[in-house]
Amino acid sequence: MKGISILDGKYAVSMDMYPLEDQASNMVYKFYDHLKEGRFTTTKCKDCGVRSFPPRVICPECYSDNLEWVDLPTEGTALAVAEQLVGVPIGFDTPLIHALVDLSGEITFICATQGLKAGELKVGDKVKIVVKKIEPVPFDGKKGAINEMERVFFVLEKVKSGGGGG
Ligand SMILES: [Zn+2]
């Protein structure tokens, strides 16, 4: 049975850092459906206009549940960088590089990165949101079958500077 490979076949849901992404388990499952389509989205309140991130099921400003999905920018700038050397969650490499990212001046949040060595990401560097495939989670199917739920999440990657050949 898959799950988290380091557990050698024993799936421990409480140690899984990623959410279940299907409609039965997750009220913002459309966020993950959109990620699978390559879209980075969140919810916006149709009543008061407030856009929230992460996506919500109820507007934190006016408590309306009249929300719509809107696309977010996927490119931005690293405002701060932190390198996590200990206590890195299962499934992540050490060091785990985190960045406070400003996406096109529209939204700011802390996000994990991938594909970077310590010291490689600097404040001011250009970064982009990319979709990352997560190990599928096993769940009970019909007639005792074990099915696998495909999962995705989002991480930052450094945008390599252009400039030919360097
Ligand atoms: Zn609202």
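Val 101 has Phe 109 in β6 as its bridge partner. Strand β5 (residues 96-103) and β6 run antiparallel and are joined by six bridges. Strands count as paired if DSSP finds at least two bridges between them. This is a predicted model, in which local features need pLDDT of at least 70, side-chain atom pairs count only at pLDDT 80 or more, and totals for chains, interfaces and linings use all residues. Residues are numbered from 1 along each chain as its sequence is written.

**The sheet**
- Five strands form an open sheet with antiparallel pairing, in the order β6-β5-β4-β7-β8.
- β6 (107-112) and β8 (146-158) stand at the edges. Each has a single partner strand, so one side of each lacks a neighbour in the sheet.
- Neighbouring strands of this sheet are turned by 30° against each other on average, direction ignored. The axes are lines fitted to C-alpha atoms, for helices over the stretch in contact, and angles run from 0 to 180 degrees between N-to-C directions.
- Strands of a sheet pair through backbone hydrogen bonds, either parallel or antiparallel.

**The nonpolar core**
- The largest nonpolar core has 10 residues: Ala 78, Val 81, Ile 97, Ala 99, Val 101, Leu 103, Leu 116, Leu 121, Val 127 and Leu 156.
- β4 (75-84) and β5 each supply at least two residues of this core. β5 gives the most, with four residues.
- Such a core is a set of buried Ala, Val, Leu, Ile, Met, Phe, Trp, Tyr and Cys residues joined through C-beta atoms within 7 Å.
- Leu 121 touches Ala 78, Val 81, Ile 97, Ala 99, Thr 113, Leu 116 and Lys 158, leaving out residues up to four places away in sequence. Contact means that C-beta atoms, placed from the backbone, lie within 7 Å.

**Around Cys 45**
- Cys 45 lies in strand β1 (residues 41-45).
- Cys 45 counts as buried because it has 21 C-beta neighbours inside 10 Å. The cut-off for buried is 20 or more other C-beta atoms within 10 Å; exposed is 12 or fewer, and partly exposed is in between.
- Beyond residues up to four places away in sequence, Cys 45 touches Val 50, Cys 59, Glu 61, Cys 62, Ser 64, Asn 66 and Leu 67.
- Val 57 is 12 residues from Cys 45 in sequence and 9.7 Å away, C-alpha to C-alpha.

**The whole chain**
- The protein chain has one helix and eight strands. Helices (H or I, at least four residues) and strands (E, at least two) are DSSP runs, numbered from the N terminus.
- Of the 166 residues in the protein chain, 14% are buried.

Key: Contact = placed C-beta atoms within 7 Å.
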